[in-house]
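Please examine the model shown below, with attention to its charged side chains.

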Amino acid sequence: PALVATLRRLLGEEYRIHPHCRGHLRQHGAKTSMWHVDAYKGLPWCSGRQHEPHWLMIMYYPQDTSSDMGPTQLLPGTQYYRGDSDRQHYSRGHIPDFGEQLGGWATVVDTVVGPAGTIVVMHYDLWHRALASASDAPRLMLKFVASRSAQPLPSATCAARRTPQS
């Protein structure tokens with residue numbers, strides 16, 4: 001119920017769960033992945049990034065996840081930046097190098113650790129990566145994608161702000 005309420009609040013009552021889903025398994029010895037944002041499934045690469053949430057990524061961790069299991073790391077606020085990877089050749093010549101961008105970002109890395117059943121709902125364009133795994137216990141993360149089906153109506157709070165006060 002809490003997840004459904006969160007999705008409705010962020011995407012509207014008629015949000016949809018995209019058919020793309022994926023399991024991400026980290027096993028002992030897995031290396032740290034690159035910082036990246038995911039491509040929109042089923043849309044052209046240059047479909048454009050959205051500052052407001054039109055798409056959300058839902059990450060579900062079915063087991064206790066500790067820092068040695070290769071947890072996911074997030075860079076809060078980075079949905080406002082352009083790019084798709086920390087590899088130099090991904091800049092396509094018109095996007096500043098990842099290191100150059102990261103040096104100017106006012107963000108602190110957030111590492112996702114927690115008990116079994118932890119769910120993270122994040123802006124689809126948020127930069128993220130998986131850390132190296134030194135644990136003998138595998139870490140599984142199930143990724144789902146949700147999207148708006150319609151533009152949201154203004155909330156009562158927003159409407160009240162737009163109404164001239166006498």
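Predicted model: local features only at pLDDT ≥ 70, side-chain atom pairs only at ≥ 80, totals over all residues.

Residues are numbered from 1 along each chain as its sequence is written, and side-chain values use heavy atoms, with hydrogens and water left out.

Q: What is a salt bridge, and how many does the count give?

A: Side chains of opposite charge can pair when their charged atoms come close. The term denotes a side-chain nitrogen of Lys or Arg within 4 Å of a carboxyl oxygen of Asp or Glu. By this rule, the count is two salt bridges. One joins the side chains of Arg8 and Glu13, at 3.5 Å from N to O. The other joins those of Lys143 and Asp38, at 2.9 Å from N to O.

Q: Where in the chain do Asp38 and Lys143 lie?

A: Strands are DSSP runs of at least two residues, labelled E and numbered from the N terminus. Asp38 belongs to the loop between strand E1 (16–26) and strand E2 (55–61), while Lys143 belongs to strand E7 (residues 139–147). The pair links distant parts of the chain, 105 residues apart.

Q: Is Asp38 buried or exposed?

A: Relative accessible area decides this: buried means under 20%, exposed over 50%, and partly exposed in between (1.4 Å probe, protein chains only). Asp38 is buried, at 8%, and Lys143 is buried, at 4%. In the other pair, Glu13 is exposed, at 55%, and Arg8 is partly exposed, at 40%.

Note on methods
Helix = DSSP H or I, 4+ residues; strand = E, 2+ residues; numbered from the N terminus.
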